[in-house]
Amino acid sequence: MLIQTPIRLLGDVDCQALKAQVLALEESAWYQDTRRQDDYDVHGETQSVVLIFCSGWPEVEVSKAAGWPRFADVAVPMMQSIIAAHYPPGGTILRAMFARLLPGCRIPKHRDTHPSFSVAHRIHVPLQTNAEVEFIVGAQQVPPREAVAFELNNSMPHQVTNNGTTERIHFIFDYAV
């Protein structure tokens with residue numbers, strides 16, 4: 001289900017426990033699952049820790065990935081809380097991951113085109129960011145605010161540049177009603 005605006009604010013999220021867990025990750029964990037970087041050139045300068053990913057269309061197979069055992073106990077209640085507050089129940093989480101963008105790196109302008117995005121809500125929870133991150137969706141700049149969830153209209157052109165000196169880490173999940 002696509003929103004008509006570049007983003008839709010969903011509000012404050014208690015994500016401190018999840019942030020603490022992800023910041024404690026060993027560096028090598030960020031490079032264990034490279035499917036996003038391998039499959040999508042625009043994510044070449046990012047690193048990911050994947051909890052859930054889907055394959056196939058229109059018959060979708062959702063599978064748990066390497067990040068699931070480590071993060072599910074904290075991530076799932078947070079996702080359920082966001083879903084309960086903003087979306088109809090009974091849907092499916094198609095993807096869930098941490099995405100990291102190091103200082104000086106970027107995600108070039110692109111649109112997400114997988115058919116699942118026509119029925120799924122893409123939700124971002126910024127865990128760590130900085131004032132120098134430039135995240136543009138359509139013509140709108142997304143303010144870099146930690147712990148404030150938002151839905152992204154990823155059918156619109158969007159891009160990110162981390163001009164700061166710290167990592168930008170977002171928890172991202174896709175929910176299909």
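Here is a short tour of a predicted model, from its sheet to a helix and then to some charged pairs.

**Stop 1: the sheet.** Select the seven strands in the order β1-β9-β6-β11-β4-β2-β3: they form an open sheet with antiparallel pairing. Color β1 (7–12) and β3 (61–64) and you'll be looking at the edges; each has a single partner strand, so one side of each has no neighbour in the sheet. From one strand to the next, the twist averages 25°.

**Stop 2: a helix across the sheet.** Now pick helix α1, residues 16–23. It lies across β4, β6 and β11, and it runs at about 70° to β6.

Stop 3: Next, select α3, residues 68–86. Its end C-alpha atoms are only 24 Å apart, while a straight helix would reach 27 Å. Where is the kink? Go to V74: a kink of about 40° lies there, shortly before P77. Show side chains too, and you'll find buried residues including F71, M78 and I82.

**Stop 4: charged pairs.** Show E151 and R8, a salt bridge with its closest N and O atoms 3.5 Å apart. E151 sits in β9 and R8 in β1, 143 residues apart. E151 is buried at 1% relative accessible area, whereas R8 is partly exposed at 31%.

Finish at R100, which is buried. R100 forms a salt bridge with E27, at 2.7 Å, and R100 also forms one with E167, at 3.0 Å. E167 lies in the loop between β10 and β11 and R100 in β4, so this pair ties together parts 67 residues apart in sequence.

How values were computed: Residues numbered from 1 in each chain as written. Predicted model: local features only at pLDDT ≥ 70, side-chain atom pairs only at ≥ 80, totals over all residues. Heavy atoms only, no water. Pairing = 2+ DSSP bridges. Helix = DSSP H or I, 4+ residues; strand = E, 2+ residues; numbered from the N terminus. Axes fitted to C-alpha atoms, helices over the stretch in contact; angles between N-to-C directions. Contact = heavy atoms within 4.5 Å. Expected span 1.5 Å × (residues − 1). Bend = angle between axes of the 7 residues up to and from the residue. Buried < 20%, exposed > 50% of the residue type's maximum accessible area, 1.4 Å probe, protein only. Salt bridge = Lys/Arg side-chain N within 4 Å of Asp/Glu carboxyl O.
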